[in-house]
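Try each task before reading its solution.

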Amino acid sequence: MNTFARSSAVMAVVLSFCLASSVQAQQGRGQSRDEVSLRKLVAEQTEAWNRHDAAAWSKDFAPDAEFINIVGSVFSGREEIEKRHAHVFATLFKDSHSEVTVKKIVLVAPYVAVVDAEHVVTKYTGLPPGVQATEPGVLRTRMRYVLKLSGGKWSIVAGQNTDVKPAPAPAAQPAPAPTSR
């Protein structure tokens, strides 16, 4: 192989690596842009919770979304989701504060994402029937959203909130059997 052919082959390999890197970087930026948008949606929803603003908390739900709340009730449609949250913001969670950490974002298709988040709620005045504090004064929940991108905007099409149960008390250790001497 002459010098020109060898140089051309090396340049072809280098250019293909550069092109592949550029395509991967563009794809990464696209996912990153989606991830930023999804994290912003969750952050805005958290701010709305802390203001006890049901309309703002519900604004990113699709008009026909379904939401399963912490006790397993299903709310159908953004209107009902907002109405039910207005009620809890006026009662049990009227003084509450929530901190939310996004744990995982999965883009399952170009226009579909699943977001898993952990919520830590404090300063509540009560809890719904059957729900226990995860630890004294703290309610932890896990939220899962399925979102759809349409017209450049992410909207929640389905959500489920599950409370994290308190850790069970440690099992009592049996007393040692007496030894005979």
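**Exercise 1. How many helices and strands make up the secondary structure of the chain?**

Before you count, note that this is a predicted model, where local features need pLDDT of at least 70, side-chain atom pairs count only at pLDDT 80 or more, and totals for chains, interfaces and linings use all residues. Residues are numbered from 1 along each chain as its sequence is written, and side-chain values use heavy atoms, with hydrogens and water left out.

Step 1: take helices (H or I, at least four residues) and strands (E, at least two) as DSSP runs, numbered from the N terminus. Step 2: the tally is three helices and six strands. Step 3: walking along the sequence, you get α-α-β-β-α-β-β-β-β.

**Exercise 2. Describe the lining of the largest pocket.**

Step 1: on a 1 Å grid over the protein atoms alone, a pocket is an open set of points where a 1.4 Å probe fits, with protein on both sides within 12 Å along at least five of seven lines; lining residues have an atom within 4 Å of a point. Step 2: 28 residues line the largest pocket, and Asn69, Ile70, His85, Val88 and Phe93 lie nearest its centre.

**Exercise 3. Which loops hold histidine 52 and lysine 123, and is each one buried or exposed?**

Step 1: most residues other than glycine have a negative phi. Step 2: histidine 52 has a positive phi, near 60°, and sits in the loop between α1 and α2 (54-58). Step 3: lysine 123 also has a phi near 60°, in the loop between β4 and β5. Step 4: buried means under 20% relative accessible area, exposed over 50%, partly exposed in between (1.4 Å probe, protein chains only). Step 5: histidine 52, at 24%, is therefore partly exposed, while lysine 123, at 58%, is exposed.
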